[in-house]
Each structure stands twice: as structure tokens, then as C-alpha cells.
Amino acid sequence: MKTIIEPFKIKSVEPIRFSTREEREVVLLRGHYNLFLVPAEDVTIDLLTDSGTSAMSAAQWAGMMLGDESYAGARSFYRFEAKVRELTGFRHIIPTHQGRAAERILFSLLGGPGKIIPNNSHFDTTRANAEFSGAEAVDLPAPEGLDPELVADFKGNMDTAALGTLIAQVGAGNIPVCIMTVTNNSGGGQPVSMENIRTASAICRSHGIPFFLDACRFAENAWFIKKRERAYADVPLKAIVQEMFACADGATMSAKKDALVNMGGFLALNDDTLAMRARNLLIITEGFPTYGGLAGRDLEAIAQGLDEILDENYLHYRIRSVEYLGERLIAAGVPILRPPGGHAIYLNARKFIPHVPPEQFPGQSLVVELYRTGGIRSVEIGSVMFGRNDPGGAFVPARMELVRLAIPRRVYTQSHIDYVIEVVLECFGRRQSMKGYRIVEEPPMLRHFTAKFAPVE
Ligand SMILES: Cc1ncc(COP(=O)(O)O)c(C=O)c1O
């Protein structure tokens, strides 16, 4: 059959609230044109993030009832630990309340002033945690990842030649860890090939640099490897996942993505001493090492989700449904980052509204317009998130001005996506009338979450 259907039936539903354009205008004003400051109730289709927004399965909800809430040594921890170890092979599995908690612990131990941390592309919290430790976060995306129009199989790859050059320049002793983000979220949800993971790992290991995966979307990445890297076409998905992790010395993971849960994460690693130090830090802020900021029921749901995510019918539907949205937009001439990524479609705001200059945040303008037009919440990944002012006060734009339409897992059906397409096309039709924005208030870090905006008149 040609039609790929959602590989699940819907047992429990949540109503969507509809609003008028006038109501949304008031909501925008109250939220200072920052969609992070808008109540979810006022959103019709929420594509802000795929993180923590999955629909859990009946088996996951059943697991919640089985959760063992013992403070120490809960049965649910051992189930969680066994499942994570089966997939990753790492000796030490340390639960955390979400991905950034694992990052904070890792960088508190390995970062610090004078240290350099390379990544194919740091996610915002990863960069913030590295920099908060005093280290310098360096992005090393492969050149093809920088061209939004180019269609290539593995645009999430790391530039491994640049990694070699960086090591030669700064010295391996100043690089306490190298991270590979799979899939590459800040780079457009693009996958990383097994060949690239293997090469980066070999370079790091030859210099004694620990190599870690930022593994939030490991299953989506493995699916792309199976479909696009010829040698893996007949390799079972789980074996691909295990091979990815075997290249690494550890991983940080936000379980809110490919573990199909609403909250959770972990730090996993092989180094005994580092693991002991990580557990000591964990106890200070996250909790005892067998729950690490999570309830026993959360650990059950993660263990179950890690099983379900490797269902090939699910991954086929998942990647195809994101591609469907991308294909329709491309067919209508809407500029998007190509090819479609694993968890999201990224609109190229720089091309969508070329009359709005980067210093007037074209991505933010598009985010606001999508909400105003159809109640769709998206997120800017451009100069609001990554732009900055240099020490002289001059504006330094982000490399790309993108708007991410992230697709929550197992939440929306094809008709929801058809509605999204209609709204994007309506905005595209009257793009000439869209205006830029200016920041009227911003915090010192991660400004996109809480900054206040006003339209440029
Ligand atoms: C690539 C990547 N790394 C790390 C994180 C942080 O995870 P969390 O939101 O669970 O703290 C995210 C979250 O979106 C992510 O996409």
C-alpha cells in the first residue's frame, strides 16, 4: 500500500481551543510577541517543540502504575538501567530530570575556563551549559550543513577535518570532551552518518579525547542511517543504535524526545572515576543515583518508550509525516531547509521575507505571523536565539534565520498537518506586508525564552 498510516489508534483525546484573529492579536500583545510567553491554551497547533510533548502509549501509562517509588534501589530504576544499557552499552547509567541536567553535570566536571568543547552544532542549552562552566563552545558543522538549499543525505555531519585542525591548534589537553549531536537539531534536524560518527570518534580516541553523543534523537538518526547509508540497509535498527553508541565513551540524553516521555533524561558513560564524581554532583541537585530527579513511574515510562521508539513502522511513519509537510511547502515554493529533517521542518525566514534584515529578526516576524494567522506556535532559530552583540556593540547575526515547526511525536494527524500547510501558504501569499521586530527587554543568557519584542514601525 502507498498510504502510510499512523501506526496507532487514539484512545484518549484532548480538545483544541479555537480562537479568532482578534483574540490572538490580544494574546500576542500580552505575550510581548514572544510565543514562549503565550499560554498553551491559546495555541491551536503547538509546534514549539518536539520535546516532552509526545503522546504516551497505553503500555507507558500502565507502566506508570507499576512505578516503584522507593527512594533507593527502586525496581523501576533497574528496569530503566537495563534498557539504557542494552541500547548504549555504557557501564554507568545516571538518571536526570532532563537533558540539560546531564549537560550541567558533565560540563561542571569537564568544562572550565580555557577549555574548548567542539560539537557538530551545540543545541542552545548545551552551549549555555558549556559556556556557563567557563569553557568555549565551538561548532564544527560540515560545509554542506551550511547551505539551506543543498539536498544531501547527512547534512548534520561534523566537519572532521576541522576537528583535526582544532585539536592541532589548541592541543588535545584543552579539549576535555567532543560532542556529536544526533540528529543535529540546531543544524536543521539533519542526520549524522555512521561513517562520520566513526571518523570523529577515531580522531578523538587517537588523541585521548572523550567522545560523547548528545543522543536525544538517536532512533530518528539510526533510521536515516538505515535508509541512506548503503551498508546499513539490512542491519536491524537496534544494531545500528548499538553501533552508534559503541563509537562513544558516553552520552547525554533528553528522554523527552526519542524515549517518548514528557520528562526525563540521563547521563551514561564508561569512565568509573568520572561517573563517581557525576553521581556526587547528582545527589546535590537532582537526587539519589537511582532516581536522579525522576519518579519511579517516570523511569518505567522511559524504559517502555525506549522499546517502542525502535519499532520500524513507527519510525517509517514518523519520518515520512515530517517529509510530507516539507514536500507540500517545497511544491508551493516556500523556502525551507532541505531536505526535511527528522523531527521538524525549518522555514528559511531570510528567504521568506528578504525585506526584513537580520537585525530586525525575520524569524521572529514569521513566528508571530504564523500565530496571528492560524494559532500555530513555532520557534525562531536565528538571530534571536544565536545572534549577539560583539564587545563593541555591533550586531552579529546568526548563520541562518530559521523558524522551526517541530512535530510532537504521535500527537497530530495528517489533517492537522494539512491545516499547518494552509496557514504557512497564507502567510507566504502576503509576505510582503510582514514587518521586523526589535527587542525591548532581554535577559543575559538564553534570551529567546523570555525576551520581550515590539514591532518595528
Ligand atoms: C540536541 C538537544 N540537546 C539537548 C537538549 C536539552 O534537553 P532538555 O530540554 O531535556 O533539557 C535538547 C532539547 O531540545 C536538544 O534538542
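The model I am reading is predicted.

**Entry 1**

I looked up leucine 260 and placed it in the loop between β7 (250–254) and β8 (265–269). Its phi is positive, about 60°, although leucine 260 is not a glycine. Is leucine 260 buried or exposed? I record leucine 260 as buried because its relative accessible area is 0%, and the limit for buried is under 20%.

I then turned to histidine 32, in the loop between α1 (21–30) and β1 (45–46). Histidine 32 also is a non-glycine residue with a positive phi, here about 55°. With a relative accessible area of 31%, histidine 32 is partly exposed, a class that lies between the 20% and 50% limits.

**Entry 1: cis peptide bonds**

I noted a cis peptide bond between valine 182 and threonine 183, with omega about -20°. Threonine 183 sits in the loop that runs between β5 (178–181) and α7 (194–206). I noted another cis bond joining arginine 338 to proline 339, where omega is about -10°. Proline 339 belongs to the loop between α12 (312–331) and β9 (344–348).

**Entry 2: ligand site**

Which residues come nearest to the ligand? I count 16 residues around the ligand, and Gly99, Arg100, Asp214, Ser254 and Lys257 come nearest. For asparagine 185 the distance is 2.9 Å, and for arginine 217 it is 2.9 Å. On its own the ligand has 390 Å² of accessible area, of which the protein covers 97%. The elements giving two or more residues to the shell are α4 (99–110) and α5 (124–132). I find that α4 gives the most, with three residues. By class, I record two nonpolar, eight polar and six charged residues in this shell.

**Entry 3: largest pocket**

I looked up the largest pocket and noted a volume of about 1400 Å³. Its lining has 33 residues, and those closest to the centre are Ser12, Glu14, Ala55, Arg410 and Val411. I sorted the lining of the largest pocket by class into 16 nonpolar, eight polar and nine charged residues.

**Entry 4: cavity**

How many cavities of 30 Å³ or more does the structure hold? I find one. The largest cavity has a volume of about 70 Å³. Among the residues lining the largest cavity I noted Asn34, Phe36, Gln364, Glu380 and His448. Both α14 (362–374) and β11 (379–381) supply at least two residues of this lining. By class, the lining of the largest cavity divides into seven nonpolar, four polar and one charged.

I located glycine 164 in helix α6 (residues 160–170). Glycine 164 counts as partly exposed because its relative accessibility is 27%. Between glycine 164 and histidine 207 I record a separation of 43 residues in sequence and 9.8 Å in space, C-alpha to C-alpha.

I located tyrosine 419 in helix α16 (residues 414–429). At 31% relative accessibility, tyrosine 419 likewise counts as partly exposed. Tyrosine 419 and glycine 374 lie 45 residues apart in sequence, and their C-alpha atoms are 8.5 Å apart in space.

Terms used: Residues are numbered from 1 along each chain as its sequence is written. This is a predicted model: local features need pLDDT of at least 70, side-chain atom pairs count only at pLDDT 80 or more; totals for chains, interfaces and linings use all residues. Side-chain values use heavy atoms; hydrogens and water are left out. A residue is near a molecule or strand if one of its heavy atoms lies within 4 Å of it. A polar contact is a pair of N or O atoms within 3.5 Å; within protein, one must be able to donate a hydrogen and the other to accept it, and residues adjacent in sequence count only if both atoms are side-chain atoms. Accessible areas come from the Shrake-Rupley method with a 1.4 Å probe; for residues, only the protein chains shown count as cover. Helices (H or I, at least four residues) and strands (E, at least two) are DSSP runs, numbered from the N terminus. Ala, Val, Leu, Ile, Met, Phe, Trp, Tyr, Cys and Pro count as nonpolar, Asp, Glu, Lys and Arg as charged, and the others, Gly among them, as polar. On a 1 Å grid over the protein atoms alone, a cavity is a set of points where a 1.4 Å probe fits but cannot get out, and a pocket is an open set with protein on both sides within 12 Å along at least five of seven lines; lining residues have an atom within 4 Å of a point. Grid points are joined across faces, edges and corners, and a volume is the space filled by probe spheres set on the points. Buried means under 20% relative accessible area, exposed over 50%, partly exposed in between (1.4 Å probe, protein chains only).
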